[in-house]
Amino acid sequence: MKITILNDNTAGKVCGAEHGLSFLVEADQTILFDTGPSDIIVRNARILGIDLKTIDAIALSHGHWDHANGLMHLGHKPLILHPDAFLSRYRKADHSPLGMPASRDELANRFEIIESREPYPISDELWFLGEIPRVTDFEAKETPFELEDGSDDFVPDDSGMVALTDHGLIVISGCAHAGICNMVLHAQKVIPGFPVYAVIGGFHLTNETERVEKTIEFMKARKVTRVIPSHCTGLPALARFYQEFGFMQVRTGNIIEL
C-alpha cells in the first residue's frame with residue numbers, strides 16, 4: 001500500500017504545507033483521506049503529477065475545517081463520512097467556528113454523500129471505521145470544543161480508515177479525537193484476526209505525558225511495527241514516539257510505502 005502526503009503541517013522539498021491533513025491512499029482502490037484546509041491539496045497534487053479526478057472516493061475523518069475545507073475544491077465523487085460531521089461546532093476559548101465548510105445540502109450538490117455510523121467497506125482491502133467506541137480509561141476524557149448551545153463536543157464523528165495488507169492491518173487516523181488506541185482496538189474488531197502492522201496520522205497528543213506513555217505502552221503491547229504520528233501531534237509527543245519507534249518525519253509530498 002502507498003500513502004502520498006498531499007498535506008500535513010510540515011512542508012517537504014517541493015510542496016507547500018498548511019495546518020491540516022490529507023493523505024492519498026492507494027490500495028485496491030485510490031481513496032483521498034481528508035482534504036486539508038484549502039485548495040493546497042489541489043496545488044500539491046499538480047506539483048506531484050497526481051490527477052485527483054482519478055480517485056475512487058473521499059473518506060472524511062471528521063467535520064473540522066483543517067480536514068474538510070478542501071472539499072470546496074473537489075467534487076463528483078462518493079464522500080464517506082459520519083453523519084455528525086455536519087454538526088455546528090466551535091472552540092470553547094472564543095466560540096469561533098471550526099466545522100464543515102458547507103451544509104449537507106450544499107455538499108450533496110457536489111458529492112454522492114455516504115453517511116455511516118457503522119464500519120463501511122470501501123473495497124476488499126479498505127474500510128471506513130465509522131463511530132469509534134471509547135473504551136480506554138485514558139483517552140477522550142476532555143475536549144476544547146463545544147456545540148452551538150455551549151455543551152461539550154467530544155467529536156463523535158471522529159473516525160479513520162483501516163487497510164488489510166500482506167503485513168497486517170494499517171490504521172489511518174485524521175486527528176484521533178476518539179483516541180488513537182480506541183481506534184486501533186476498533187479496527188481490529190472491524191477486520192478481526194490480523195495483527196496491526198502500522199498506525200499513521202494525527203494522534204492529538206501534545207505534552208500529555210501520562211497519556212503519551214500509556215499510548216506507547218499500548219502500541220508496544222500489540223507489537224505495532226510502524227508508529228508514524230503526524231499533524232496534531234505536538235513536538236514533545238513526537239519526540240517520545242521517535243525515541244521508541246524511530247520513524248521518518250511526515251512531510252507534505254512524502255510517499256510512504258507500507
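1. Contact here means heavy atoms within 4.5 Å, and helices (H or I, at least four residues) and strands (E, at least two) are DSSP runs numbered from the N terminus. The model is a predicted one, in which local features need pLDDT of at least 70 and side-chain atom pairs count only at pLDDT 80 or more, while totals for chains, interfaces and linings use all residues. Residues are numbered from 1 along each chain as its sequence is written, and side-chain values use heavy atoms, with hydrogens and water left out.

2. Helix H6 (residues 235–245) has Ala237, Phe241 and Phe245 as its buried residues, buried being under 20% relative accessible area and exposed over 50% (1.4 Å probe, protein chains only). Because they cover an arc of only 45 degrees around the axis, they lie on the same side of H6, the arc being that of the directions from the helix axis to the C-beta atoms. These buried residues pack against H5 and strand E14 (226–230), whereas the face turned away from the buried side carries the exposed Leu235 and Gln243.

3. Helix H4 (residues 180–190) is largely enclosed by the rest of the structure, because eight of its eleven residues are buried; among them are Cys181, Met183 and His186. The elements covering the buried residues of H4 include strand E11 (160–165), strand E13 (196–202) and helix H5 (209–221).

4. Most residues other than glycine have a negative phi. Val155, in the loop between strand E10 (145–147) and E11, has a positive phi near 55 degrees, and it counts as buried at 1% relative accessibility. Lys223, in the loop between H5 and E14, likewise has a positive phi, of about 55 degrees, but counts as exposed at 67% relative accessibility.
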